[in-house]
Amino acid sequence: MVRTVIIGITGRMGQALVRAASEFSELRITGAVASPKSALLGQDAGELAGVRSLGVPVTSDLPTALGQADVAIDFSQPCATRVNLMACHAARKPLLIGTTGYPSELASVFDAAVRDIPLLVAPNTSVGVTLLIELVRAAAHALSADFDIEIIEAHHRMKQDAPSGTALALEKAASQGRGLAEADVAKSRAVNRSGSRREGEIGFAVVRGGDIVGEHTVLLAGQGEQLALTHRATDRAIFARGALRAGLWLADQPPGRYAMCAFLGYKTAS
Ligand SMILES: NC(=O)c1ccc[n+]([C@@H]2O[C@H](COP(=O)([O-])OP(=O)(O)OC[C@H]3O[C@@H](n4cnc5c(N)ncnc54)[C@H](OP(=O)(O)O)[C@@H]3O)[C@@H](O)[C@H]2O)c1
């Protein structure tokens, strides 16, 4: 039995994780964490998600929850990523970070943590997007620089970060496919641009509205032809199932940095 702490339990993804957890007989939710200001502290995590009572009250005390856990899965808010990671590091517990939009300065904190714990940072835990990232890398590598790359993403009106973490992962894969060094990836970025394209630019168009779960298209536009690679999520359960499967896998890994593609068996790291 893999004892699992869900961080961000009261949110859209936290609730989806609790509902999907019943599909995994080898997984037990033993910790349910929200912010200290949460109006739902003390409520049963299962009842909150509309499933049977789990006997696990919502708490803001992550260090105590980790004491009884084998792995933690974080889908909370980017402002909490550092504190959550440090708590998992201190407790020597594997951590999957599904939260997006955390500050880029956290890279050094990730580097320090992976010496001691398995860490999987997954801007998108769906199987389809994990494959899309590899397809984009291959397409950008195969097509000449005459093909302009644009990334179009759409999400629900409550989403806080933009472009999405997945859109940035697609940008990274396209840049890698084109042979760009990691340090140069953001330099060619243009978000909702005005004016004409710069050479080699990767453009983003961001749509926010309604209850859109998540859509990403990478458009490679050449002269007289266009290639569009699209993933459309219609149900948050795909992210929840992917995260739980990856969390179960992560609990057994040695310390190190992992990506979804490694867990799914793709050869190229994203
Ligand atoms: N990787 C993926 O595949 C994927 C898929 C979907 C979403 N996401 C990302 O996952 C994150 C959550 O998305 P969501 O739509 O579920 O957001 P949400 O509905 O706003 O939920 C956020 C949750 O975080 C909790 N929270 C806030 N501050 C916290 C803290 N300091 N410590 C612990 N918990 C805290 C909130 O609890 P209270 O308000 O009750 O305190 C709430 O339960 C976002 O970053 C989103 O972009 C990733």
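This is a predicted model: local features need pLDDT of at least 70, side-chain atom pairs count only at pLDDT 80 or more; totals for chains, interfaces and linings use all residues.
Biologist: Which residues around the ligand come nearest, and how is the shell divided by class?

Modeller: Of the 24 residues around the ligand, Thr10, Met13, Ser35, Ser38 and Thr100 come nearest. The shell holds nine nonpolar, twelve polar and three charged residues.

Biologist: Methionine 13 belongs to helix 1. Why is helix 1 called mostly covered?

Modeller: A residue is buried when its relative accessible area is under 20%. Eight of the ten residues of helix 1 (residues 12–21) are buried, among them Met13, Gly14 and Gln15. The cover includes strand 1 (2–7), strand 2 (27–33), helix 2 (45–48), strand 4 (71–74) and helix 8 (237–250).

Biologist: What makes helix 7 largely enclosed by the rest of the structure?

Modeller: Ten of its 13 residues are buried, so helix 7 is largely enclosed. Its buried residues include Gly165, Ala169, Leu170 and Gly177. Among the elements that cover them are helix 6 (127–142), strand 7 (148–155) and strand 9 (202–208).

Biologist: How do you know that the span of helix 7 agrees with what it should be?

Modeller: The expected span is 1.5 Å times one less than the number of residues. For the 13 residues of helix 7 (residues 165–177) this gives 18 Å, and the end C-alpha atoms are 18 Å apart, so the two agree. Just after helix 7, glycine 179 takes a positive phi of about 85°.

Biologist: Why is serine 164 called buried?

Modeller: Serine 164 sits in the loop between strand 7 and helix 7. Its relative accessible area is 2%, which is under 20%, and therefore it counts as buried. Beyond its neighbours within four places in sequence, serine 164 is in contact with Glu153, His155, Lys159, Arg208 and His216.

Biologist: How do you know that phenylalanine 204 is buried?

Modeller: Phenylalanine 204, in strand 9, has a relative accessible area of 3%, so it falls under the 20% limit and is buried. Leaving aside neighbours within four places in sequence, its contacts include Ala167, Leu168 and Glu171. The C-alpha atoms of phenylalanine 204 and isoleucine 149 are 9.0 Å apart, although 55 residues separate the two along the chain.

Biologist: Why does phenylalanine 147 count as buried?

Modeller: Phenylalanine 147 is found in the loop between helix 6 and strand 7. Its relative accessibility is 11%, and because buried means under 20%, the term applies. Apart from neighbours within four places in sequence, phenylalanine 147 is in contact with Arg178, Leu220, Ala221, Gly222 and Glu225. Asparagine 124, 23 residues from phenylalanine 147 in sequence, is 26 Å from it in space, C-alpha to C-alpha.

Terms used
Residues are numbered from 1 along each chain as its sequence is written. Side-chain values use heavy atoms; hydrogens and water are left out. Helices (H or I, at least four residues) and strands (E, at least two) are DSSP runs, numbered from the N terminus. Buried means under 20% relative accessible area, exposed over 50%, partly exposed in between (1.4 Å probe, protein chains only). Contact means heavy atoms within 4.5 Å. A residue is near a molecule or strand if one of its heavy atoms lies within 4 Å of it. Ala, Val, Leu, Ile, Met, Phe, Trp, Tyr, Cys and Pro count as nonpolar, Asp, Glu, Lys and Arg as charged, and the others, Gly among them, as polar.
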